[in-house]
Amino acid sequence: MPWNDNANPGPWGSPPSNDSPGRGGRDAQPPPTPPRRPPPSPPGGPDLRDLLRRLMDELRGLAGGYASRDMRRWIYVGIPGAIFFAWILTGFYTVQANEEAVITRFGGYVGSVGPGLHYHLPIPIEKAEMVAVTNQNKTVVGGAPGAPAPDESQMLTGDENIVDLSFTVQWHVSDAAAYLFRIRDPNDAVKAVAESAMREVVGHSALTPILTNGRGEVQNQTLVLMQRILDDYHAGVTIDAVQIQNANPPDEVVPAYQDIARAGQDAQSYINEANTYRNRVVNEAKGTASKITQAAEGYRQQTILEAQGQAARFNQVYAQYRLAPAVTRERLYIQTMQTVLSKSKKVIVDAKGATAPIILPPDAFRPKSSDNAAPAAPAPAAAAPQEGQQ
Amino acid sequence: MSRRAWMWIGGGLVALIIAFNSLFIVDQRQQVIVVKLGEPVRVINPPGAYDPGLKLKIPLIENLVVLDKRNQALEAPQEEIISADQQRLVVDAFIRYRISNPVAFYRTLRDEAVAADRLQPLINSSLRQVLGAATASQIISSQRAEVMANALGDIRRRAARSHLGIEVVDLRIKRADLPTANQQAVYRRMRSNLQQQAAQIRAIGEQNRLEVVADADKQVTITLANATAQAFATRGAGDAESAKIFASSFGKDARFAAFYRSLQAYEGAFDDGQTTMVLSPDSDFFKYFKNGGGR
């Protein structure tokens, strides 16, 4: 709507010919045929010019001089009247739902109005400037994914490391008048302040918290600092959120960071291996221990049972022995000797009166299996140094 | 059309031109110097006063110089600055200023382009002076706010001394980073630092591993030793028990017990049949061997 055109810079609004340069050429040279009429000096919109052109066409039809007096009066009064009426109409304007209109009268602030259809005094006197107050504005610093801006994103941390950090600032206009009147380039100011504040905050922090769990803190501090600076400028802007999109170590050291992660895995696997070993060995040892103690227990029981058996045997024999000691004793002795000697090879030497050593044939000592050995050696006259022979 | 009508029209046009030339609107964002034949005569809507609106001037003789009244930014070109501890830093800063004395501004600077040309060297010399007196770590982290405040004070003094008609509202360092060559050194240091950390993590893992293994071995040894000790005790108990049993039964007749046990031992000892026995016919066994009827 032309009457709602607030970008109109001139103190009196623009003269009609400037308002719409596309048509200016035609209007600058009025058609030569009709009598020269006073040009429409007060400003008007393009719809005025339409009206004017139609009037001109009518005049041309009537031809100069032949117009009636009434017609002339109508022209003298009607045209300025219509122009004036159109001018009055330029005071209507609409404010969109997300906007606030800041009204200035001769350049001075008179008030702000919300959404709807409104009227102010016509154009040169009062003007309405729209500010989108409910819009969430988003300022990106440090480049977006796919469009890196290392100059903006790389910054030094407090421990003199470098971090690659990109973030967005969400903000809205909280005071439309201040936003318009107090600061020249609010959008650029937000970005510059964001960069400066983020670098200041990052400069106070070490690298590791920025990369890990300290992001929230960095975001909050940046938000508070930004808000303070912008309030100092009376920018009329409220910061809603500072959001770190990416905080990475620079590409050059990423492999080293990955190695740290690997080292953690390695360390964990060492421990796991050791635990596996421990579980195996300790359980084996428990098994072995159990084997040892069980064997001992077996030995104990075996020994006791054996002893009991022996004792029982002895007791029984002893009971018989008590009945006839001498006979039993003799019998036992002889029986045992029989058993013993029946299994062994035997050499019987009568050494009584022998003076020279008795030489036994080596056959006597051969294992029993050869079997043709050992009748008694007939050497009656020999001493018996049996021990020496054995 | 009559001559009178043309005169009316002409007169009206002249009046309009004069009106256009003498009436003007001053926006509240602007401050306007009225210049009469090159000489500033008055300022409309000056800083500190709120006076926008429809204003008058003498047509053709008085001209207008329109200046901005708002807080505006000026970026200083990027500059390499050497800090007090001889570190090179790439510094990027901006100031925000407003025109506080429009007449002085008009006399010395004329317009904003010239103002930028004059202010940028001032910013640079302020930064050099203030940052050159601080160490790199102070600039980067510990005292950044103080450094900026000092630089702001310094540039304010310089601007006042040069009568620029400008009030510097704020000076902020955007970037204070290391030049590319030094960045490589930082990367190297970060890398070696990280490698050190990784080695330590691995070493701690290795240490844990050895500790666990050693502990396991210890447990094994102790378990086996305990078992062995217990086994000895058990065996001892068995031996003791058997000794007790033997004692209680054999003890009834020690001589017979010895005799009986010896017989058993002989039987056991010569059981293998590999022994060659050299016997004397005098031995007890042969008692009846020689003289059948016996004594």
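## Where the chains touch

Two residues are in contact if their C-beta atoms, placed from the backbone, lie within 7 Å. By that rule, 102 residues of chain A meet 94 residues of chain B. On the chain B side, helix α6 (residues 180-250) gives the largest share, 40 residues. Helices here are DSSP runs of H or I with at least four residues, strands are runs of E with at least two, and numbering starts from the N terminus.

The chain B side that touches chain A holds 46 nonpolar, 25 polar and 23 charged residues. Ala, Val, Leu, Ile, Met, Phe, Trp, Tyr, Cys and Pro count as nonpolar; Asp, Glu, Lys and Arg as charged; the others, Gly among them, as polar.

## About the model

This is a predicted model: local features need pLDDT of at least 70, side-chain atom pairs count only at pLDDT 80 or more, and totals for chains, interfaces and linings use all residues. Residues are numbered from 1 along each chain as its sequence is written, while chains are lettered from A and ligands numbered from 1 in the order written.

## Strands across the chains

Strands pair if DSSP finds at least two bridges between them. Strand β12 (residues 345-348) of chain A pairs with strand β10 (residues 276-279) of chain B. They run parallel, with 4 bridges. V347(A) has V278(B) as its bridge partner.

## A sheet in chain A

Chain A has an open sheet of 3 strands, ordered β3-β2-β5, with antiparallel pairing.

Strand β2 (residues 99-105) of chain A joins β3(A) through 5 bridges. Here V102(A) has S112(A) as its bridge partner.
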